[in-house]
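Here is a short tour of one protein chain, written for someone who likes to follow along in the viewer. Please keep the sequence and the model open while you read.

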Amino acid sequence: MAALVAYYLSEIAPAADRKETINASDIERYFKSANFALPGHARFTLSNAKNAGYLDSAGTGQYKLNPVGYNLVVHRMGVGEGAKAKRKPRQSRGKRSKKAVAEAGSVREKK
């Protein structure tokens with residue numbers, strides 16, 4: 001969620017509100033605006049997001065969205081189960097179909 005706030009403020013917010021760095025007061029303000037549960041300590045939320053690799057430190061109490069956080073927001077967030085591309089389940093390399101096992105057995109018997 002901290003990465004989302006940083007993305008919003010750097011990319012989407014109206015020009016007057018746009019900024020490159022966020023701080024604890026931004027977390028509190030935008031969490032409330034989104035009706036998202038407030039963290040116990042907003043500064044720890046930012047620190048945890050930095051430690052997770054989504055934000056970079058940009059001075060005392062300031063954090064900036066990095067490429068990993070940007071990609072998280074743009075390419076991964078909001079992709080629900082219904083929006084995901086339907087993929088065929090992969091068959092593990094160790095398992096073979098019953099037909100393949102039967103064919104392999106008949107080949108061995110012929111040898």
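Let us start at a strand pairing: Thr 21 stands opposite Lys 64, a residue of β3. The model you are looking at is a predicted one, and in it β1 and β3 run antiparallel, joined by 2 bridges.

That pairing belongs to an open sheet of 3 strands, ordered β1-β3-β2 with antiparallel pairing. At its edges are β1 (21–22) and β2 (55–57), each of which pairs on one side only. As a reminder, strands of a sheet pair through backbone hydrogen bonds, either parallel or antiparallel.

Now step along to Asn 23, which sits in the loop between β1 and α2 (24–33). Is Asn 23 buried or exposed? Its relative accessibility is 18%, so Asn 23 counts as buried, the cut-off being under 20%. The side chain of Asn 23 makes a polar contact of 2.7 Å with that of Ser 25. Leaving aside residues up to four places away in sequence, Asn 23 touches Leu 46, Gly 61 and Gln 62.

Next come the rings. The structure holds 3 aromatic pairs. One of them is formed by Phe 31 and Phe 36: the ring centres are 5.2 Å apart and the planes stand at 90 degrees, so this pair is edge-to-face. How do the two partners differ in accessibility? Phe 31 counts as buried, at 3% relative accessibility, whereas Phe 36 is partly exposed, with a relative accessible area of 43%. Elsewhere, a charged side chain meets a ring: Arg 43 lies over the face of Phe 44, 4.6 Å from the ring centre.

The accessibility values are gathered here for a quick look.

| Residue | Relative accessible area | Class |
|---|---|---|
| Phe 31 | 3% | buried |
| Asn 23 | 18% | buried |
| Phe 36 | 43% | partly exposed |

Finally, a word on confidence. The protein chain averages a pLDDT of 82, and 69% of the residues score at least 70. Where is confidence highest, and where is it lowest? Strand β3 (residues 63–65) has the highest mean, at 97, while helix α5 (residues 98–110) has the lowest, at 62. Over residues 81–86, pLDDT stays under 50, and the model has 1 contact for this stretch beyond four places in sequence. Where pLDDT is low, the predicted coordinates should not be read in detail.

Technical notes: Residues are numbered from 1 along each chain as its sequence is written. This is a predicted model: local features need pLDDT of at least 70, side-chain atom pairs count only at pLDDT 80 or more; totals for chains, interfaces and linings use all residues. Side-chain values use heavy atoms; hydrogens and water are left out. pLDDT is the predictor's confidence in each residue, from 0 to 100. Helices (H or I, at least four residues) and strands (E, at least two) are DSSP runs, numbered from the N terminus. Contact means heavy atoms within 4.5 Å. Rings of Phe, Tyr and Trp (its six-membered ring) pair if their centres lie within 6.5 Å; planes under 30 degrees apart count as stacked, over 60 as edge-to-face and the rest as tilted. Buried means under 20% relative accessible area, exposed over 50%, partly exposed in between (1.4 Å probe, protein chains only). A charge sits over a ring if NZ of Lys or CZ of Arg is within 6 Å of the ring centre and within 35 degrees of the ring normal. Two strands pair if DSSP finds at least two bridges between them. A polar contact is a pair of N or O atoms within 3.5 Å; within protein, one must be able to donate a hydrogen and the other to accept it, and residues adjacent in sequence count only if both atoms are side-chain atoms.
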